[in-house]
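Please open the structure below in your viewer and keep the selection tool at hand. The tour goes from one selection to the next.

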Amino acid sequence: MKFLEGKLDDIAAGREAPLSRRDLTDILESGPGIDGPLFRAASAVLGRNSGPGVYLRGIIEISNACQKNCFYCGLRRDNPGVARYRMNSREVMEALTHGWNAGLRSFLLQSGERLGGDFIEEVCAILAECRSRWGDSVRMVLSLGELPADVLDRLREAGGSRYLLRIETSDRGLYDRVHPCDGIHDWSARDACLRHLRATGWQTGSGVLIGFPWQTASVLAGDLEYLVDLDIDMCGMGPWIEHKDTPLDKVREQAPPRARRVSLTLRMIALLRILMPDINISATTALQTLDEEGLEKGLEAGGNVFMPNLTPPGYRADYNLYEGKTAVADDLESMITEGRKRCESVRRLLVLGDPGDPLHYGRRLATEGWMSGGAAPGDAIGGRG
Ligand code: SF4
């Protein structure tokens, strides 16, 4: 413990102190005494690299239909209790415009995984409309599941800048345990999809589910190493939360208690911040759902993104990934006011009017030589104001 505290103190002071897989596992398994040094180190790393800014990403949950059947998710295909919906383009544009007028410059269009019909065409049309209205001043973020490479390429051409696809767990055996073995839930395909996103110029985000049954600290340490190896630009990871209409709920007693899931999530955020100083990390809604002060704690652990929900209230209750989903307030203006207050309570600054590109993305584009051929539209570099 003293050895780990010493390493974390070195990191806080800006001295080199690499963390091994064993160190990561031990920190995740340590008693509460490790939290002070860990969060101080993460906070120092964040301060040196990205500063105190907290960037907003407005979420619009455009559809809750999904072809998949993940054992932990309330939106799974075989849950008959979900009233499926799909927002139309006008509703999506209204929500986006509302966010734009309030100063948001980054928007996440999120849905279950759905192929077929005209869904993708409609999303492409929305992206094109946003580009024509707001040009390069917004980042359109997509989280639409694991899509074929050609579909992702079309979305990128239409104006998508960032894509979020959580790997959920880096452990293939565990992945197979929490997904059906039916040919469409394949860890390798998901990993390949992430690598395609990263190789084709998307700002690439991933993340994992934390504290579900059978997951060990060593697996979580492996998750951190996976995210580093993938060289992501953004991360969203939150605690597992039960949903009564899912298979995983049947073994809920095998998961750590909720307070432990919160603690593990905060430690994962802090460790990832240390390992990847210049990426964007969100303080997720799931974290806020399990802990009233989840936003503040997530920021103190090294997070720098806050995601207000812009989904029209009539749809929100049906986007039920897990039970009890919460929000810091109901309407956008109150969310911003409340979010600002909470950020300031932990000496952070809520930033409006800036898409908040992860510094990591600009650096890797430069390293990989993308800049010599010119960045694709929507690829503003740095841009933190
Ligand atoms: S986690 Fe995503 S892909 Fe899996 S069932 Fe839920 S919405 Fe669908």
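The stops below cover a sheet, a helix, the ligand and one glycine, all in a predicted model.

**Stop 1: the sheet.** Select the strands β2, β3, β4, β5, β6, β8 and β10. They form an open sheet of seven strands, in the order β2-β3-β4-β5-β6-β8-β10, and the pairing is parallel. Which strands are at the edges? They are β2 (58-63) and β10 (280-281), each of which pairs on one side only.

Stop 2: Select residues 106-111, strand β3, together with β2. The two strands run parallel and are joined by five bridges. Within this pair, look for I60, which stands opposite L109 in β3.

**Stop 3: strand β5.** Select residues 160-164. Is this strand enclosed or open? Five of its five residues are buried, so β5 is largely enclosed by the rest of the structure. One place to look is V141, whose bridge partner in β5 is R162. To get from β4 to β5, follow the chain through helix α6 (residues 149-158); this β-α-β crossover is right-handed.

**Stop 4: helix α2.** Select residues 21-29 and colour L24, I27 and L28, which are buried. These residues cover an arc of only 100 degrees around the axis, which puts them on the same side of α2. What do the buried residues of α2 pack against? Show α1 (2-12), α3 (35-49), α9 (217-230) and α10 (258-275), and you have the helices in question.

**Stop 5: the ligand.** Select the ligand, then the residues that surround it: C66, K68, C70, C73, L75, R76, G112, E113 and G145. Coloured by class, this shell shows four nonpolar, two polar and three charged residues.

**Stop 6: a glycine in a helix.** Select G362, which is found in helix α15 (residues 359-368). Is G362 buried or exposed? It counts as buried, because it has 22 C-beta neighbours inside 10 Å and the cut-off for buried is 20 or more. Finally, draw a distance from the C-alpha of G362 to that of N69: the two residues are 36 Å apart in space and 293 residues apart in sequence.

Technical notes
Residues numbered from 1 in each chain as written. Predicted model: local features only at pLDDT ≥ 70, side-chain atom pairs only at ≥ 80, totals over all residues. Buried ≥ 20, exposed ≤ 12 C-beta atoms within 10 Å, placed from the backbone. Helix = DSSP H or I, 4+ residues; strand = E, 2+ residues; numbered from the N terminus. Arc of directions from axis to C-beta. Contact = placed C-beta atoms within 7 Å. Near = placed C-beta within 6 Å. Nonpolar A, V, L, I, M, F, W, Y, C, P; charged D, E, K, R; others polar. Pairing = 2+ DSSP bridges. Right-handed = clockwise from strand over helix to strand, strands pointing away.
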